[in-house]
Amino acid sequence: MPKVLKGAAAAEARSERNDDVAATVAHVIADIGRRGDDAVREYSLKFDKWAPENFRLTPDQIESIIDTVPAQTITDIELAQRNVRTFAEHQLASLRDFEVETEPGVFLGQRNIPVSAAGAYIPGGRYPLVASAHMTIVTAKVAGVERVTACTPPIRGEVPAATVAAMSLAGADEIYLLGGVQAVAAMALGTETIGKVDLLAGPGNAYVAEAKRQLFGQVGIDLFAGPTETLIVADAHADPFIVAVDLLSQAEHGPDSPAILITTSETLAVAVGEHIEALLPTMSTRDYAEPAWRDHGQVIVARDLDEAYELADGFASEHVQILTENPRDALSHMRNYGALFLGEGTCVSYGDKVIGTNHTLPTRGAARYTGGLWVGKYLKTVTYQEVTDRAASAALGEVLGRAARVEFFEGHARSGDVRVAKYRGKSVPWAPSAAPSWDHVDA
């Protein structure tokens with residue numbers, strides 16, 4: 001059995017929903033559905049103290065806002081977006097349309113078609129997540145989405161200039177200074193001034209996450225997201241100071257963000273804990289990082305790396321960082337993670353901000369069955385079929401007749417029967433006398 005130095009030995013089960021949050025969100029969504037823009041304005045004023053004449057920024061306003069952003073910030077945004085775009089383009093290239101002739105005259109095909117319109121939510125609040133603009137908007141545009149509507153809230157009544165710059169540079173077609181449930185609901189339902197989208201993407205607080213959950217079905221969504229999670233697998237070769245820094249880098253996302261260390265070295269585990277206790281008082285985000293580590297941090301000592309990988313797979317964490325002598329071994333040993341970060345040179349924060357892979361990833365164990373946001377989330381993989389050979393159609397019709405009648409679907413069976421009759425030049429025995437006879441037709 002592994003040795004637990006801190007926290008529980010297994011991933012903590014957390015409630016997916018809060019009843020008060022769910023009730024509030026349901027009320028706001030229903031009200032916006034009934035009253036449209038009037039309701040959006042009221043909730044924006046109530047929650048963000050923000051109710052301009054028009055939530056949508058004009059091109060001139062966007063240009064003026066971008067002019068206030070430092071040149072170095074613009075350069076850094078462009079670099080990050082170039083990395084995201086490059087990776088998304090390679091993802092798109094890995095998908096292909098195809099058509100195959102499975103039998104003579106029987107053609108089956110597949111196409112990948114982008115959704116027509118996507119809504120990108122870029123969180124604000126205490127920490128404006130500028131990088132979320134890269135992840136949601138750039139990826140949608142690479143997929144070929146024609147209209148991307150992007151929303152971000154004001155921050156204490158101020159325009160988040162760097163976020164607006166990132167949204168614009170990413171290629172957003174419409175930018176709204178609008179946040180929270182009212183933004184998500186407006187994009188999903190449509191109002192008098194905000195067009196309805198087909199898919200919602202982007203992270204947010206508990207209210208935004210619950211709104212996406214409730215709206216799913218009326219629109220598509222990228223993921224059901226919860227608090228940020230990080231997990232590090234380390235052996236005795238890892239640098240304990242770097243391990244401590246990297247754990248706290250993700251704990252600062254919020255007081256409920258789990259930060260977990262699984263290591264084969266008890267010596268390393270103890271050293272990491274000491275470094276964390278020394279580092280926490282120096283962090284400007286201590287009010288988030290400290291309770292996250294105190295309440296959700298875990299340190300587990302495994303017998304060996306095989307056990308460490310097995311334990312890590314059990315957590316199915318959003319971010320998994322591998323700080324071992326041979327980090328690429330994790331590629332063949334692990335299967336449940338949102339994203340892997342291999343080796344000391346690769347920190348989770350690179351993925352969050354600049355490296356190019358998408359930072360919108362599965363949480364709460366969802367990595368057991370899904371990956372994160374990628375170009376394919378904005379695509380519908382659809383199929384088509386065509387039978388041009390009469391003999392092939394008749395043969396399929398014959399099988400269809402039998403298969404459908406096993407299930408008591410007489411109407412389905414008859415769709416096959418009529419093709420057997422027509423393409424083999426026969427009459428339909430069950431049809432009324434007015435039905436055509438195809439005795440003159442050659443198969």
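A316 is buried, with a relative accessible area of 0%. This residue sits in the loop between helix 12 (305-315) and strand 12, and its phi is positive, about 50°, although A316 is not a glycine. The model described here is predicted. Its protein chain holds 16 helices and 14 strands, and 47% of its 443 residues count as buried.

- Most residues other than glycine have a negative phi.
- K49 is a residue other than glycine whose phi is positive, near 50°.
- K49 belongs to the loop between helix 2 (37-48) and helix 3 (59-67).
- Are K49 and A316 buried or exposed? K49 is exposed, with a relative accessible area of 68%, whereas A316 is buried at 0%.

**The chain as a whole**

- Along the principal axes, the C-alpha atoms of the protein chain fill a box of roughly 90 × 60 × 40 Å.
- Take the contacts between residues at least 6 apart in sequence: 71% of them join residues at least 24 apart.

- Five strands form an open sheet in the order 6-5-4-7-8, and their pairing is parallel.
- Strand 6 (174-177) and strand 8 (220-221) each have a single partner strand and stand at the edges, so one side of each has no neighbour in the sheet.
- Helix 5 (residues 131-143) packs on this sheet and touches strand 4 (117-121), strand 5 (147-152) and strand 7.
- The direction of helix 5 makes about 180° with that of strand 5.
- Helix 7 (residues 180-189) lies across strand 4, strand 5 and strand 7. The angle between helix 7 and strand 4 is about 175°.
- Strand 7 (residues 199-201) pairs with strand 8 over two bridges, in the parallel sense.
- Which residue of strand 8 is the bridge partner of L199? The partner is G220.

- Strand 9 (residues 230-234) is mostly covered, with five of its five residues buried.
- T230, I232 and A234 point one way from the strand, while L231 and V233 point the other way. Residues on both sides are buried.
- Strand 9 runs parallel to strand 10 (residues 259-263), and five bridges join the two. Within this pair, I232 stands opposite L261.
- Between strand 9 and strand 10 the chain passes through helix 9 (residues 240-251), making a right-handed β-α-β crossover.
- Strand 9 is also joined by five bridges to strand 12 (residues 319-323), again in parallel. Here T230 stands opposite H319.

**Helix 1 against helix 8**

- Two packed helices are described by the angle between their axes and the distance between the axes.
- How far apart are the axes of helix 1 (residues 19-35) and helix 8 (residues 206-215)? The axes are 9 Å apart, and the helices pack at an angle of about 60°.
- The crossing of helix 1 and helix 8 is right-handed.
- On the helix 1 side, the residues that meet helix 8 are V21, A22, T24, V25, A26 and I29.
- On the helix 8 side, the contact is made by A206, Y207, E210, A211, Q214 and L215.
- By type, the residues of this contact divide into nine nonpolar, two polar and one charged.

- G36 is found in the loop between helix 1 and helix 2.
- G36 is buried, with a relative accessible area of 6%; a residue counts as buried when this value is under 20%.
- Apart from neighbours within four places in sequence, G36 is in contact with D31, T191 and E192.
- G36 and I194 are 158 residues apart in sequence, and their C-alpha atoms are 9.2 Å apart in space.

**The buried residues of helix 11**

- In helix 11 (residues 286-296), the buried residues include A289, P291, A292, W293 and H296.
- What covers these buried residues? The cover includes strand 1 (3-6), helix 9, strand 10, helix 10 (266-279) and strand 11 (297-301).
- Helix 9 and strand 10, both part of this cover, also take part in the right-handed crossover from strand 9.

Key. Residues are numbered from 1 along each chain as its sequence is written. This is a predicted model: local features need pLDDT of at least 70, side-chain atom pairs count only at pLDDT 80 or more; totals for chains, interfaces and linings use all residues. Side-chain values use heavy atoms; hydrogens and water are left out. Two strands pair if DSSP finds at least two bridges between them. Helices (H or I, at least four residues) and strands (E, at least two) are DSSP runs, numbered from the N terminus. Contact means heavy atoms within 4.5 Å. Axes are lines fitted to C-alpha atoms, for helices over the stretch in contact, and angles run from 0 to 180 degrees between N-to-C directions. A crossing is left-handed if the near helix is turned anticlockwise from the far one by less than a right angle, and right-handed if clockwise. Ala, Val, Leu, Ile, Met, Phe, Trp, Tyr, Cys and Pro count as nonpolar, Asp, Glu, Lys and Arg as charged, and the others, Gly among them, as polar. Buried means under 20% relative accessible area, exposed over 50%, partly exposed in between (1.4 Å probe, protein chains only). A crossover is right-handed if, with the strands pointing away from the viewer, the path from the first strand over the helix to the second runs clockwise.
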